[in-house]
Amino acid sequence: MSIEVRGVGKRYGDFVALDDINVSLPTGQLTALLGPSGGGKSTLLRIIAGLETADSGSVEIEGVDATKLPPQKRNVGFVFQHYAVFKHMTVAKNVAFGLEIRKRPKAEVKAKVAELLELVHLSQFAHRLPSQLSGGQRQRLALARALAVEPSVLLLDEPFGALDAKVRKELRDWLRRLHDDVHVTTVFVTHDQEEALEVADEIVVINEGRIEQIGSPDQLYDEPANDFVMGFLGAVTQLGPVRLRPHDIEVAVQPGVPGAAAGVVQRALRVGFEVRLTVDVEGQAEPALVVLSRAHARALDLELGSRVWLSPTTGATSVPLLGEVSA
Amino acid sequence: MTDTLVAPTGPARPTRRSSGLFRLTPTSGIGLGVALVWFSVLVLLPLAAVVGAAAAGGWGAFWNTLTDAQTFAALRLTVVEAALVTVVNAVIGTVVAWVLVRDKFFGKRILDVVIDIPFALPTIVAGLVLLTLYGPESPVGINIVNTREGIFLALLFVTLPFVVRTVQPVLIELDADVEEAAASLGASRFTTFRRIILPSLVPAITAGSSLGFARAISEFGSLVLISGNTPYQTEVASLKILKFIEGDNQAGAAAVAVLLLLVAIVTIVVLDLVARRVARRG
Amino acid sequence: MADTRQIRARKGPVTYALRFFVIAYLAVLVVWPLWEVTSRTFAPVERGAEGGFSAFLERLQDPTVTYAFSLTATCAFWAVLINTVFGVGISLLITRYNFPGRRILSVLIDLPMSVSPVVVGLALVLAYSSGQGWFGGALESAGIFIIGSTPGMIMATAFVSLPLVIREVVPVLEEIGIDSELAASSLGANGWQIFRRITLPSIKWAVVYGVVLSLARSLGEFGAVKIVSPGAALRGETATILIQNRYTNFEEPTAYAAAFVLVLASVLALVVVSLIRKEDHS
């Protein structure tokens, strides 16, 4: 295990930021800490980096107890949401900083900097100041700077949060590929479930200072431990006694399926290739949301006021209403 | 935090943007004319008169005045004292700003007000205030009257706020992330200060120091009571000008004055350059 | 907020050493001398003589002292009035109108802050004194005497405090932009209406702030006024000149009393300034 977090707690006054967190992250894995803002995920990352001290519990990095170590001694690379580049240094100097602190020979520093700038595609900007770079370029610079010291773990705090949507998507793909090349144990914090599902090997869902679930993207999506995880990872609707995803509902225009709930189509909204239905289900306060393909909707000949019968598709992911954990 | 009485944050220049500005109307044109006439009458013409008086006797006379042994000694003393004070202020001013921004202790707000007092006090009062503690009737037995140390102390007093007040806002705005980044890259607190924080403060320290230097070169009021005006010993440039005026040597006074004017203009130019460099770095 | 970061909150021996140093430095340089001047103001002149507040008041009621303060007040009043009108006008012109030389003017406006007060005095003498001034002869034949009389002292005071209002108003005018003025203009408001109803309310506090700064600076001006004034008791002796004259004539109690009044005025200005800052930010 590269990172072992045991029983970590942290409070700010009355506010409980983290409550008895236990998690172990294997070497070489790309892990996402996913959760809503203020849920404690950034605090956990900063405790691992030594930028905050936990009130209780311990942090072990590469088998060494790091609980009491200052950030300087942990050999972690940290990447900030707002880049935190050294504005008065050139791009190359930024990357060289950690190596110079470690008093590496000049030739070695030079070679390493050149290698890293190549890796993050910034070689031609080596002698520019950070102010001459775009946001995406600055974040790649910050990443190169963190990787230069060959950290045992790489920690990224909302690394793409300050970038616009298009650049964010590019950098996300690029981070995945980079990780496949470099294989450094990586933890990144995000509140964007799509980002986590797309990039991470494993996702730790954190909410209100507690871990809700740990698992692979597929596990989380298919077998959410509870209502919160299910809701956080995608759209959720209610059908009878369970909550499930709107595309996991089968629509029939005639009764027949055992246990199907009858209802009336209240609204139909076409968005691109899909159709979103709002169905008033008998005996249910909340209307159910259903998503189906446009072709399917046309085949069923649905319109406002149509009577429909809804049932979960076979193998649908669902959690019981109000229930914490499905049996 | 930054209630400065005379904010030394450098001149308030309008931006270069000229689009979106109105064109002069007849009314505003007259306003501009009146303003320019008044500005000329009050500032430009008198300053031109100084330059004219200095140039009246030709380059030779100008040069002779400045290289006269007694005048030269006064100029040298002024520059040396001002330079010393500037160096001390660059260091101590930065330390004071650091403590006021980063440390937290009871009474810090009072210290913050104390910084402004040397600016707020009339200069002659500043001299008098220093003399009560360090003058002939000093309760601590130190008498600085008519000594170079006295001039140094007076200049230190009147220039105290410059570096502090220019560095303080920059220090407040510094990004904590950057210091955390340096720490996680292995930099000690001292290294972080030397290689990350200090370089960010250099433009502000330069700006504050040049303001302080210009002030020290031209200081008059606080030195009147302290400096004994002994030629070759404790006579500074501004007091030398006064002596020239009182001796009805207007050309001599103007020659020294032109030199002081030059320092003032160079300071303004330096500040403008620093401001632009900072703006470019973003 | 930033200072809650652990990396900045950590305190070590260096923290306490710096804190101690800064407190000691400011105490020795500013606080202790100020305390000393206060205690001397209210101290008995000699053993057994009456000290305290009544003696202080008595010294201030001397006719030469009341004359000096009323002259200082007159100079300050006119200088501040002129600077306010001129300052607001010039600020509007350089932020709202496009004309050749706009940028040079905005740089030149700052010059008076950096010019030595002695040079200011000299410049006015060289331009307007009836004996040697460029325009002295012409003014004399018109029966106008500037140097050695109150108008000259007002000009000297106005010169040194000229940029203070502009420095406060220009940044505010730049920040608010011209959008609402353009909107008012499109709704049919004329220039004066726009100024009265749109521009003035938003620069109100900046103007007040500039006025307080100018007033503080004007009350305390010494060097420039000293050179253009005859400087004798009841004849051109302002409060600051009075302090010098009395101190050098060994009438220290009166010098301390007058100085204390000016110290109070400066502290009051500091307080007002910080109150305005708060008002402006809320």
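Trainee: In which sense do β14 and β15 of chain A pair, and over how many bridges?

Mentor: This is a predicted model. In it, strand β14 (residues 261-271) and strand β15 (residues 274-281) of chain A pair in the antiparallel sense, over 8 bridges.

Trainee: What is the bridge partner of Val265(A) in β15(A)?

Mentor: Val279(A) is the partner.

Trainee: What order do the strands of that open sheet take?

Mentor: The order is β13-β17-β14-β15-β16 in chain A, 5 strands with antiparallel pairing.

Trainee: Which are the edge strands?

Mentor: β13 (249-252) and β16 (288-293) of chain A, each of which pairs on one side only. From one strand to the next, the twist averages 45°.

Trainee: And what holds strands of a sheet together in general, what kind of bonds?

Mentor: Strands pair through backbone hydrogen bonds, either parallel or antiparallel.

Trainee: Switching to the largest nonpolar core. Which residues touch the most other members?

Mentor: Val125(B), Ile241(B) and Ile243(C) do, in a core of 145 residues.

Trainee: Which helix gives the largest share?

Mentor: Helix α6 (residues 148-173) of chain B, with 12 residues. Domain 1 (25-56) and domain 2 (59-281) of chain B each supply at least three residues to this core.

Trainee: Back to Ile243(C). What does that residue touch?

Mentor: Leaving out residues up to four places away in sequence, Ile243(C) touches Ile124(B), Val125(B) and Leu128(B) in chain B. In chain C, Ile243(C) touches Ala255(C), Ala258(C), Ala259(C) and Leu262(C).

Trainee: How many residues are in the second, separate core?

Mentor: That core has 46 residues, including Ala142(A), Phe160(A), Leu178(A) and Phe232(A).

Key. Residues are numbered from 1 along each chain as its sequence is written. Chains are lettered from A and ligands numbered from 1 in the order in which they are written. This is a predicted model: local features need pLDDT of at least 70, side-chain atom pairs count only at pLDDT 80 or more; totals for chains, interfaces and linings use all residues. Side-chain values use heavy atoms; hydrogens and water are left out. Two strands pair if DSSP finds at least two bridges between them. Helices (H or I, at least four residues) and strands (E, at least two) are DSSP runs, numbered from the N terminus. Axes are lines fitted to C-alpha atoms, for helices over the stretch in contact, and angles run from 0 to 180 degrees between N-to-C directions. A nonpolar core is a set of buried Ala, Val, Leu, Ile, Met, Phe, Trp, Tyr and Cys residues joined through side-chain atoms within 4.5 Å. Buried means under 20% relative accessible area, exposed over 50%, partly exposed in between (1.4 Å probe, protein chains only). Domain bounds come from an automatic or database domain assignment. Contact means heavy atoms within 4.5 Å.
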